[in-house]
Amino acid sequence: MNGYGYRLGAIGIISTFFIIIFSTVLMPMVLFRPDPTVTRNDYDAEGKIGDPRRGRRIYIREGCFYCHTQFTRLQDREYGPLVKAGDYVYETPHQLGTARTGPDLTNEGGKFPSEWQKAHLIQPRAVKPGSIMPSFSYLSDRDMNDLVCYLQTLGNKRTVHKYVEAPDEYQVTTPVGFALHERKHVDTNSDAAANAGRGIFTQNCAACHGLEALGNGPNSISLTKKPANFTRPFYKQYSDEMWFYRVSEGVVGTRMPRFNLILTEEERWYVVAYLKTLPKDAEVTVDKLDQLDKVEQIRLPKLSKQQYEPHSGGDH
Amino acid sequence: MSGVLNKFLSNEEGSASRNFLLSAMFWSLLGMGAGVFASMEFYNPDLVHNIPQFSMPHLRMWHVNAVTIGWLSMGYIGSVFHMVPTLCKNKLFSERLGNFTMWAWNLLMVGAICTLLNGNTEGREYAELGAVLDCMAAVALCTVTFNVLMTVAHRRVKKLYVSLWYFLGSLFWFPLVYIIGQRTFVFLPGLNDAIIGWFYGHNILGMWFTTIGVGIMYYLLPRYTQAPLYSHGLSMLGFWGIALFYAPTGTHHILQSPVPEWLKAIAVISSIFLLVPVLTVLTNFFMTMKGKWGQGADDLPLRFAMTSALFYLMTCLQGPFQATRWINWYLHFTQWVVGHAHAALLGAFSFILTSAIYYALPRLTGREWHSQSLIRLHYWLKFIGFLIMYFSLTVAGLIQSAGWAMGIPVDQWSNTLYPYWFVRAISGVMIVTGQAIFCYNAFRSLYTPSPVAVTAKTREVKV
């Protein structure tokens with residue numbers, strides 16, 4: 001080879017590289033310019049407990065995108081409507097994510113009450129047994145509020161705000177649910193019903209959930225996914241139907257049984273009445289995000305391991 | 001004054017290369033250690049409480065940046081500074097400039113550990129470093145390119161060996177890829193940001209770790225086996241193949257997001273075409289090794305290089321396979337991909353870099369390795385540790401894939417992954433132990449008086 005060959009080689013390297021830059025970097029910039037869609041996130045939460053835009057920066061700072069994705073795919077179930085190209089026009093840096101160690105967050109907004117989100121950030125295993133999410137208890141109140149506020153804006157234009165709710169079969173709006181409510185003669189708000197429910201709770205639930213429903217019954221020692229602690233504030237947002245659904249059909253993936261095989265409908269309604277009377281950790285609860293700034297700052301109780309995972313050995 | 005200058009910006013031959021290699025080993029300990037720490041938090045999420053610096057996502061950011069920018073890149077530059085002058089039969093253009101780059105790069109890493117562990121990130125995967133650090137890295141890369149180019153320009157041989165093609169190609173396009181990919185001062189619309197992000201995310205692998213790694217392999221194999229390269233023409237075919245087919249593949253990371261279909265098609269097709277250069281390169285390696293595989297029994301650096309070639313084959317067969325739409329549909333978002341990334345960076349390129357350090361350090365410092373047994377121990381710990389890690393992540397990925405494909409909520413199957421997280425943490429401990437032994441061995445070789453006579457040749461200048 002002569003010296004000319006190297007010059008040719010150098011020209012080859014440079015031109016190959018720029019052809020590729022042109023086709024995969026510049027061409028998409030020019031050709032791919034989707035219009036913003038109405039379903040894009042506009043960071044507009046009704047009445048602010050925090051600043052969603054700052055919340056997004058916290059989301060990035062805490063590296064949430066390493067485990068949570070923000071795009072739904074055709075084959076995904078239970079993660080809400082599919083995303084469109086125009087949904088991302090103002091999302092920079094993009095938070096599409098690469099791995100799902102946790103669930104997808106595309107349509108996370110409104111799926112859970114804000115208090116739930118906060119409790120989940122402070123100690124994920126307190127509200128989602130078996131979760132491996134790290135605890136973000138070190139976040140300041142302001143950071144936490146902003147982050148929760150951001151999470152509540154995700155997909156808010158795509159989905160209807162809906163907190164944890166029982167399936168349609170349990171709602172009065174469907175024939176099956178209507179029949180269920182027709183048969184119901186227990187006043188779930190009465191003390192008498194709650195009193196009746198207490199006995200049933202002691203016999204059937206206390207072994208796992210504990211006499212005070214703190215999730216620390218004797219059986220909980222051997223369970224990997226710890227039973228729920230019903231004094232957590234967000235349980236106050238469960239409707240009667242939601243409680244009834246949970247008691248009847250159990251929690252899939254845990255040892256919580258389907259009590260519709262064990263208890264009669266009437267007995268289950270009594271249990272619901274009792275569950276609603278359980279003492280709460282914090283008195284102030286609201287249903288909607290936009291009411292949050294009208295009530296006092298919600299303070300979660302100081303985290304003690306004993307409270308959340310009573311049998312893990314404790315830290316005192 | 002000149003004493004201080006000579007101490008910090010030494011003009012001694014080979015000092016820049018040696019300093020780069022030693023810094024790489026130092027940062028590898030911190031980077032891999034962070035990886036193990038994070039993997040333990042997967043198994044026990046309550047391992048640390050209320051310490052933001054040790055939160056899993058922060059450790060992950062630092063882990064990825066430390067092993068890519070710190071360990072692999074610094075090691076690669078050290079190796080290039082050693083190999084290019086040898087191949088050109090002259091000295092490095094400027095050792096002072098090389099040492100200056102080394103200090104800048106170390107400063108960059110100090111900045112990285114301080115910012116990333118506190119979450120000061122740009123929020124772009126593989127491009128987490130902040131604006132100042134980005135600029136430092138870009139300048140440092142350009143300085144390296146300048147130094148190497150000037151060395152090659154003053155060469156005393158006419159013909160450029162294939163390794164030099166790889167080094168020069170990588171050093172030309174990687175600074176550009178880096179500058180484009182960081183998107184430091186530009187704010188692009190979300191999906192365009194993602195397209196360029198993955199152009200960068202894939203090309204830091206394809207146009208830097210792969211090309212320099214393959215160049216190092218081309219340099220080392222003929223030297224270890226004392227045999228000429230099987231085919232120069234084949235090596236050129238491999239080089240142009242990599243240059244053509246690697247760069248447009250980035251979009252296969254976001255195959256199921258709403259980016260344009262034509263871009264996805266380009267990415268998938270070039271991913272499959274990548275088999276051409278990969279098999280060309282590996283045919284060349286394996287034919288060079290023909291009849292000499294037995295040497296790996298005694299020659300430990302050669303054994304590292306052979307293992308690297310085999311893992312490279314494994315990674316590169318896996319890559320096109322999982323870049324096709326049907327497979328991607330099933331496997332995306334899972335730990336399978338994490339296993340694949342470790343196969344490339346740890347299995348293939350970390351092994352070849354280790355081999356290069358074992359080869360180069362005695363020639364740079366004139367001191368033999370302190371202990372062959374420790375090298376052997378390092379090899380087995382890293383080899384077995386990597387295999388365990390790879391298979392645990394792959395199996396965990398298949399479980400996750402099944403979960404996502406069947407639409408079962410995460411919290412119902414996440415518990416079944418605990419054994420794999422545990423095994424992964426164990427394998428991480430093995431790998432870090434191996435790396436620590438490596439560093440200890442290097443320390444003993446360099447900084448303690450050697451009882452045996454110095455036998456290592458200083459840098460031989462023959463091709």
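In this predicted model, Phe146(B) is partly exposed, with a relative accessible area of 42%, a value that falls between the limits of 20% for buried and 50% for exposed residues. The residue belongs to helix α5 of chain B, which covers residues 131-153. When neighbours within four places in sequence are set aside, Phe146(B) is found in contact with Phe93(B) and Leu97(B). Gln400(B), by contrast, stands 254 residues away from Phe146(B) in sequence, and the C-alpha atoms of Phe146(B) and Gln400(B) are separated by 46 Å in space.

The size of an interface is often given as the accessible area lost when the parts come together. For chain A and chain B the area buried between them is about 6400 Å², of which 66% lies on carbon and sulfur atoms, and the contacts involve 71 residues of chain A and 77 residues of chain B.

Across this interface the rule identifies one salt bridge, in which the side chains of Arg125(A) and Asp46(B) meet at 2.7 Å, taken from N to O. Polar contacts across the interface of chain A and chain B amount to 17 residue pairs, with both residues at pLDDT 80 or more. On the side of chain A that touches chain B, the elements giving two or more residues are α1 (3-31) and α2 (52-61) of chain A, and α1(A) supplies the largest share, 18 residues. Sorted by class, this side of chain A comprises 35 nonpolar, 24 polar and 12 charged residues.

Notes. Residues are numbered from 1 along each chain as its sequence is written. Chains are lettered from A and ligands numbered from 1 in the order in which they are written. This is a predicted model: local features need pLDDT of at least 70, side-chain atom pairs count only at pLDDT 80 or more; totals for chains, interfaces and linings use all residues. Side-chain values use heavy atoms; hydrogens and water are left out. Helices (H or I, at least four residues) and strands (E, at least two) are DSSP runs, numbered from the N terminus. Buried means under 20% relative accessible area, exposed over 50%, partly exposed in between (1.4 Å probe, protein chains only). Contact means heavy atoms within 4.5 Å. Buried area is the accessible area (1.4 Å probe) that two parts lose on being put together, summed over both. A salt bridge is a side-chain nitrogen of Lys or Arg within 4 Å of a carboxyl oxygen of Asp or Glu. A polar contact is a pair of N or O atoms within 3.5 Å; within protein, one must be able to donate a hydrogen and the other to accept it, and residues adjacent in sequence count only if both atoms are side-chain atoms. Ala, Val, Leu, Ile, Met, Phe, Trp, Tyr, Cys and Pro count as nonpolar, Asp, Glu, Lys and Arg as charged, and the others, Gly among them, as polar.
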